[in-house]
Structures are given as structure tokens and as C-alpha cells.
Amino acid sequence: RLSELAQDHGLDIRVTAPPGAFVLSGACVAEIRGALDETQCAYLRDCFALGPVKTEAQNVTFLIEQLVEMAARAMSPGVNDPFTAINCLNWLASGLAQGAEAGDAFGLEAREGAWCPTVDMDGLLAASFGASYPYVQDDALARDAWTRLLEELRDTGQSEALRAGASRLLGHARRD
């Protein structure tokens, strides 16, 4: 819809907030070069969905963030439940493997006249295994599962981006 609007009216539209991002009231979510009338402005506004909470339909990283949070809480000193953390890691790895089948970029891509931020495999790896490492690194069971799953993603991953990203994370963890 953004591309159609841009092409039909000679506009250049650059969405500045990625899908699912938290934005403050009144914050800029798109930059437009060209003039819009009121009808076109209303059409542009209708291209965006706003809501009070994140949802998995609007934000591909939402479920990742929830699983990382569950793993973090599971590994807290008061709970100390590595098996729940490992289960979260299993689901993160499964999601990354399935996502890699779709390609290395997720979300909207640039089209004529309209540019939207994308989420790539590096971003998903950072949000999942990168974000979970501080919570699992001190527990042998959870750390071993983290390492095993990344090695499996590296060795059998569907995409070059997944294999390369998993290798980078493993390298960083080994230096720690």
C-alpha cells in the first residue's frame, strides 16, 4: 500500500520505525518527500497499525523476547530451573531454523517509492541467543544446551546468514 501511494503520487516514503517497535506519542514513524492532501494522509495513516501492546502479528521478535524473558527468569537465583531455560532455547532454535527456510530477511522490504526496515537473521540471532547468553552462561546444563543448539544451527542451518551468525555467537561465547 505504501508503494502504491508513493508511485501514484510521486512520493518517496521511508518508514523509520521497524514493525512492532515501541513509539512514543507524536514520534515520527515515516518520512515523506512530496506533498500529500488530506485524503492521501488518511490513506497513509491507514497503512500503520497502532496498539497499546506488542503482538506476535505485528512484531516478529515479540515471541523471541518472551522466550528470552522466560529463560532469564528460570535462571534467576530464586528459581534456578535450567530445564525451563533449555526448553526456551530449544524453541528459539526451532523458530530460527523454520524462519531460515523463508529466507534471510523478514518483514517488509523496499519497493519502488517506499522503504521499510527489515528484520534479518543477525537481528533474530542477537535477540534470541545473544540476549539469552548472559542468563545461561553460568549454568553448565543451560550453557551446554545453548552451545549445542547454536552448533546445530551452524552445521545444519538452511541459510548462510544463519550459519554465519551462529558461528559468530559461538566465537564470542568462547572468548568470554
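Residues are numbered from 1 along each chain as its sequence is written, and side-chain values use heavy atoms, with hydrogens and water left out. Because the model is predicted, local features need pLDDT of at least 70 and side-chain atom pairs count only at pLDDT 80 or more, whereas totals for chains, interfaces and linings use all residues.

Helices (H or I, at least four residues) and strands (E, at least two) are DSSP runs, numbered from the N terminus. Three strands form an open sheet of mixed pairing in the order β2-β1-β4, where two strands pair if DSSP finds at least two bridges between them. Strands β2 (30-33) and β4 (114-115) are the edges, each pairing on one side only. Strand β1 (residues 12-15) runs parallel to β4, to which two bridges join it; Ile-13 stands opposite Ala-114 and Arg-14 opposite Trp-115. With β2, β1 runs antiparallel through four bridges, and Asp-12 has Arg-33 as its bridge partner there.

Helix α1 (residues 2-9) lies across β1 and β4 and runs at about 155° to β1. Axes are lines fitted to C-alpha atoms, for helices over the stretch in contact, and angles run from 0 to 180 degrees between N-to-C directions; contact means heavy atoms within 4.5 Å.

Helix α6 comprises 17 residues (residues 140-156) and should span 24 Å at 1.5 Å a residue, which agrees with the 24 Å between its end C-alpha atoms. The expected span is 1.5 Å times one less than the number of residues. Buried in α6 are Ala-142, Ala-145, Trp-146, Leu-149, Leu-150 and Leu-153. These residues lie on the same side of α6 because they cover an arc of only 125° around the axis, taken from the directions from the helix axis to the C-beta atoms. They pack against α4 (82-101), α5 (121-136) and α7 (160-175). Exposed residues Asp-155 and Thr-156 are carried on the face turned away from the buried side. At the N-terminal end, Asp-139 caps α6, with a side-chain oxygen 3.1 Å from the backbone nitrogen of Leu-141.

Thr-61 is placed in the loop between α2 (38-45) and α3 (62-74). Its relative accessibility is 13%, so Thr-61 counts as buried. Not counting residues up to four places away in sequence, Thr-61 touches Val-119 and Leu-124.

Definitions and conventions: Buried < 20%, exposed > 50% of the residue type's maximum accessible area, 1.4 Å probe, protein only. Polar contact = N/O pair within 3.5 Å; in protein donor to acceptor, adjacent residues only side chain to side chain.
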